[in-house]
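Here is a short briefing on salt bridges and a surface patch. Have the sequence and the 3D view open as you read.

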Amino acid sequence: VKNSLQAVNRFLDAPVDVGPRALLVLAFLCLLPTYLTPLYNMTMFAPQYPEGLRLDIYSYKLVGGNDNQDIREINVLNHYIGMKDLATEDFTEFKWLPFVVGIFGLLFLRAAVLGKVSHLVDVAVLFVYFGAFALWSFGYKMYQYGHNLDPKAAVRVDPFMPPMFGYKKLANFEVYSYPQLGSYALAVAALVLGLALVFAWRRWRRETA
Amino acid sequence: MKTRSAGTILATAAGIVALGLLAGRCAPSAPRGAKKAAAVSDIAAAAMKVYVAPGDLDEYYLFASGGHSGQVYVYGLPSGRHISTIPVFTPYPATGYGFDDESKKMLGELTWGDAHHPALSETNGDYDGRWLFINDMNARVARIDLRDFKTKQILGPIPNVSGNHASSFVTPNTEYAVVGSRFSIPIPKGTVAGVDKYATEYKGVVTGVKIDPKSGEMSIGWQILMPPFDYDLGDAGKLASDGWVFFTSYNTERATGKLEVTSAQRDRDYIAAVDWRMAEQLAAKGEGTMIGGIKVIDPAKNPGLVYFMPCGKSPHGVDVSPDGKYVVGSGKLQGVTTAFNWEKVQTAMRNKDFTGDEDGIPVLKYESIKDAEVPVGLGPLHTQFGPDGHAYTSLFVDSAIAKWKLGTWEVVDKVPMSYSIGHLAAAEGDTVSPDGKWLVGLNKLSHGRHITVGPSQPESSQLVDITEEKMKLVLDFFTEPEPHYAQIVKADKIKAIEVYPKEENKHPHAIWDVKDAGVTRSGDKVLVKMIAVRSTFTPTDFEVKAGDLVTLALTNIEQTTDELHGLGLLDYNINIVVDPGETKTVTFKAKKGVYPYYCTNFCSALHQEMQGYMIVR
């Protein structure tokens with residue numbers, strides 16, 4: 001046990017090579033779309049809405065299609081089933097998410113400069129935790145919108161879970177929900193971090209062999 | 001070694017990014033079931049079906065209500081061509097309606113109406129082509145004579161009625177057109193009570209408008225006091241259910257305020273079944289209490305007169321099948337329509353199979369009277385029928401029409417409507433013998449279906465071919481705002497005249513010889529008898545004094561089809577149109593000056609010369 005713990009320590013203290021450091025910079029770059037492009041998109045088609053009602057979720061704002069009119073339209077429709085209005089103020093994520101992603105950017109660069117495996121492990125573990133939390137938070141938000149329905153609403157529907165990935169038929173609407181570039185870039189950042197770890201591990205194995 | 005590994009790392013990373021982007025599904029541009037463009041052969045087949053070649057005639061009339069335009073619009077089917085407008089509740093300068101003395105008097109003080117549900121007169125439950133009745137929300141019913149396509153009578157405002165929406169459905173031999181109050185108020189009109197007293201002091205009423213079988217003249221037949229619900233639509237029973245008339249109602253919560261919520265709290269509202277023959281007998285016996293100048297019958301004191309059939313909440317239409325055996329009603333917020341079995345309804349009435357009462361009116365047990373809940377789709381509103389036992393239900397939320405079978409309750413087909421269909425009309429589809437063939441969806445939204453005309457959008461109507469198992473959408477056309485219900489009748493059932501025969505003109509001021517034209521005076525009342533014939537008004541000028549009360553009687557002595565003349569008197573609100581053989585009068589106070597009058601309705605090569613002067617000294 002003692003030996004293996006010492007081995008882990010030695011590994012964690014080991015410096016990382018140019019390759020993994022370059023990957024850390026790449027992971028940093030993958031965070032930038034978070035500020036520029038949507039993380040998620042929901043598109044809803046109904047016979048009356050052949051062009052669809054569109055909702056883009058950024059890390060810091062909601063943007064409706066058709067110059068934001070679609071949000072209003074979605075809220076008007078949802079009021080019949082007693083769903084809470086979609087409102088930017090209700091998304092606490094918008095307050096902390098861009099800040100946290102910024103911190104990760106700095107941590108990735110720090111790991112790239114200081115260049116020890118331990119830095120790499122730190123950012124990778126924290127980033128995966130962050131990703132999982134953000135996903136849960138989004139899912140929970142969706143769940144709440146679909147389940148906290150006003151019991152006095154004109155149209156009573158069974159509580160429902162909007163789709164997180166893919167397609168679902170809700171009443172007369174076909175709802176499509178997909179991650180967007182911002183989310184995919186974050187996923188790629190996680191993959192790149194993992195890859196950096198793998199390369200660092202393989203090099204350390206080679207050198208200690 | 002080192003460079004290779006760095007290269008590998010970068011290549012792998014690039015691969016991951018590319019894979020991520022490839023896997024990344026983005027927002028779709030169209031729904032999964034999006035229709036591919038129709039094949040050219042399908043378009044050609046549809047075009048052949050709806051194409052009425054120049055000079056050829058349509059096979060059917062579509063009489064479409066004009067909603068708050070107050071008019072009735074006449075379209076030809078299958079072409080969808082707008083052929084004529086029949087002004088009813090609103091002045092219409094194009095035909096001079098609402099400008100001459102007679103039509104002005106008929107309109108009364110109101111120059112607007114909200115006309116929703118036309119009802120063609122029936123004999124033995126089939127359209128007979130004699131009259132068309134239509135409701136106005138302002139508690140009125142109008143009769144249009146289909147012999148000349150003119151509004152002949154406006155009955156009302158009918159006492160105690162506020163918001164005549166559940167109207168003007170006729171009984172199978174046009175004994176009655178019905179009237180149902182969408183708004184309950186304290187009655188008689190003029191009584192005041194706050195909305196906090198709504199549940200007890202506000203009342204609804206349903207009324208039978210008696211129709212003279214020869215002349216079509218309307219009068220109030222009977223009126224029944226009802227709980228303060230909103231009576232929405234109706235239909236008369238036929239054959240098996242003859243003698244009854246049905247009304248849907250919503251807000252049986254007796255709620256006020258934000259009704260979109262407060263009136264949608266109970267799972268069921270009601271269809272009221274009214275025994276109109278019994279109402280007729282009670283009225284004949286003088287039963288009822290005088291309210292607002294007419295006898296109003298209380299159903300609580302007359303058991304058997306009214307029953308409530310529970311229906312899905314906030315129902316819109318109620319429609320009786322051609323054999324009269326089924327009454328179809330749907331909660332408009334649900335996914336099913338309910339077919340009530342009339343035999344079971346009668347059994348439940350006999351056995352007093354009630355679950356309670358509303359102000360003394362028994363409520364029948366839903367489970368005992370329904371035959372089926374047909375899963376037609378979301379937002380079912382109205383149902384029409386075909387000749388082969390098929391029913392067609394409009395679905396507002398699904399924006400589609402569902403075709404289903406009576407008896408087996410199987411949904412056979414659906415056709416999408418663009419967009420948000422309200423009423424629908426099948427060819428003679430509410431009679432005892434529907435024609436099938438054509439079905440028109442009267443849609444509420446048209447966005448994107450027409451070249452743009454700005455924010456005020458037309459209503460789109462769509463023609464569906466129902467001759468085959470699968471329904472086929474074959475034509476978009478645009479109906480004047482705002483069609484609610486419409487009826488489709490075979491063209492050969494309408495026998496209209498195209499000129500008024502001279503011998504039928506009994507107007508006291510009609511003249512047929514220019515020698516009789518001219519001015520006669522008694523005191524400050526002046527009668528100007530005038531003749532219009534191509535291309536002269538006689539007299540071509542006349543003199544009156546300022547302050548005179550002038551009655552101008554204009555006779556068009558033409559007996560030729562399409563030779564209409566108009567008379568516009570400049571700077572006065574006067575513009576009348578006389579059809580061949582017709583006499584109209586217009587009365588006004590003369591003001592000093594010289595006023596030209598001229599023919600407004602093009603008549604001939606020298607139409608422009610058809611003019612004259614009124615000299616007022």
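A residue counts as buried when its relative accessible area is under 20%, as exposed when that value is over 50%, and as partly exposed in between. Please keep in mind that this is a predicted model. Over all chains, the salt bridges come to 30.

**Salt bridges between distant parts of chain B**
- Asp548(B) and Arg521(B) form a salt bridge, with N and O 2.5 Å apart. This pair joins the loop between β36 and β37 to strand β33, and its members lie 27 residues apart.
- Asp548(B) is buried because its relative accessibility is 3%, whereas Arg521(B) is partly exposed at 38%.
- Glu558(B) meets Arg534(B) in a salt bridge of 2.7 Å, N to O. Here the loop between β37 and β38 is linked to the loop between β34 and β35, across 24 residues.
- Glu558(B) has a relative accessible area of 5%, so it is buried, while Arg534(B), at 40%, is partly exposed.

**Other salt bridges in chain B**
- Lys152(B) pairs with Asp148(B) in a salt bridge, their closest N and O atoms being 2.7 Å apart.
- Asp148(B) counts as buried at 12% relative accessibility, and Lys152(B) is partly exposed at 36%.
- A salt-bridge network links Arg254(B), Arg266(B), Glu358(B) and Asp359(B).

**A nonpolar patch on chain A**
- On the surface, Tyr129(A), Phe133(A), Trp136(A), Tyr140(A) and Tyr143(A) make up a nonpolar patch with about 580 Å² of accessible area together.
- Tyr143(A) sits in helix α6, residues 117-147, and is partly exposed with a relative accessible area of 39%.

How values were computed
Residues are numbered from 1 along each chain as its sequence is written. Chains are lettered from A and ligands numbered from 1 in the order in which they are written. This is a predicted model: local features need pLDDT of at least 70, side-chain atom pairs count only at pLDDT 80 or more; totals for chains, interfaces and linings use all residues. Side-chain values use heavy atoms; hydrogens and water are left out. Patches are made of residues with over 30% relative accessible area and no salt bridge: like charges are joined within 9 Å, nonpolar side chains (Val, Leu, Ile, Met, Phe, Trp, Tyr) within 5 Å. Accessible areas come from the Shrake-Rupley method with a 1.4 Å probe; for residues, only the protein chains shown count as cover. A salt bridge is a side-chain nitrogen of Lys or Arg within 4 Å of a carboxyl oxygen of Asp or Glu. Helices (H or I, at least four residues) and strands (E, at least two) are DSSP runs, numbered from the N terminus. Buried means under 20% relative accessible area, exposed over 50%, partly exposed in between (1.4 Å probe, protein chains only).
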